[in-house]
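We will go stop by stop.

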Amino acid sequence: MNKDRIAVSGSSVSLSDTLFRKLEQRIISGDMPPGSRFPTQREICADEQVSRTVVREAVARLAAQGLVTSRQGSGVFVAETARYRAFQVTRDELHALADVIKLLEMRLAIEAEMAALAAARRTTADIGAIREALRRMAEVEGDPEAAARADAAFHLAIARATQNDYYVRIVDFLGVRLVPPRNLYLRDGSGPDHVAYVAKVRAEHEAVLDAIVRMDPPRARDAARHHMQESLSRHTQLSETVSLLGDSATVDRAA
């Protein structure tokens, strides 16, 4: 096994991920306040008993997220705006079933209320955009990446139908992160499994659309919650199965 990775409960966890989260928490908690000098790589290596490669990777991620900044000739410092950085969900965080499930749990409440508002406020143009995204999903169902983009477009169209820019911004930011990779759920499935899965998800989407078309907020809320709960249940069951099999439960990024 790579010396920079450790095995935890049947999965391989990157030491740089562990170090990143530890340092991130120290910054967010105020233990390392904004403007303070960040420990040197040598100091972190000694304190955490990890290699310089691990430290470099962790610090690079902190910098990418705006938590630390380099000053020419002076070193690395905690960013002045570190505790006020924008909410983020990065692709690196969505590499395991457990991470996908956490995102689905968050979406459950957001999607339900978003659909209800869309049902109350949608325009004819909004309905057209939602229908087009659903039609596009059917066209590209054999292409996981294209299907994920069409699925994300479906949810973005619903967000726009709320006439609330904040819903649009969060859904637009999350983008395809909103859509759990289809291969993750179907990785051991057959052709018929895929067809059944696509049909079920399409029916769930159509139920949400129908309620929005009819301008029925309670029904739209229930349909969106049902859709999200079904997705959450599917991936929770998969996680339990994978755990029993001792699999790594990681997302295949190539699909």
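Select Gly-30 to begin: this residue follows helix H1 and has a positive phi, near 95°. Helices here are DSSP runs (H or I, at least four residues), strands are E runs of at least two, and both are numbered from the N terminus. The model is predicted: local features need pLDDT of at least 70, side-chain atom pairs count only at pLDDT 80 or more, and totals for chains, interfaces and linings use all residues. Residues are numbered from 1 along each chain as its sequence is written, and side-chain values use heavy atoms, without hydrogens or water.

Step back into H1, residues 15-29.

Next, select Leu-15, Ser-16, Leu-19, Phe-20, Leu-23, Glu-24 and Ile-27 in H1: they are buried (under 20% relative accessible area, 1.4 Å probe, protein chains only). They cover an arc of only 160° around the axis, so they sit on the same side of H1 (the arc is that of the directions from the helix axis to the C-beta atoms).

Move to strands E3 (68-71) and E4 (75-78). They pair in the antiparallel sense over four bridges (pairing needs at least two DSSP bridges). Click Thr-69: its bridge partner in E4 is Phe-77. Three residues separate the strands in this hairpin, where Gly-73 takes a positive phi near 80°.

Definitions and conventions. Expected span 1.5 Å × (residues − 1). Buried < 20%, exposed > 50% of the residue type's maximum accessible area, 1.4 Å probe, protein only.
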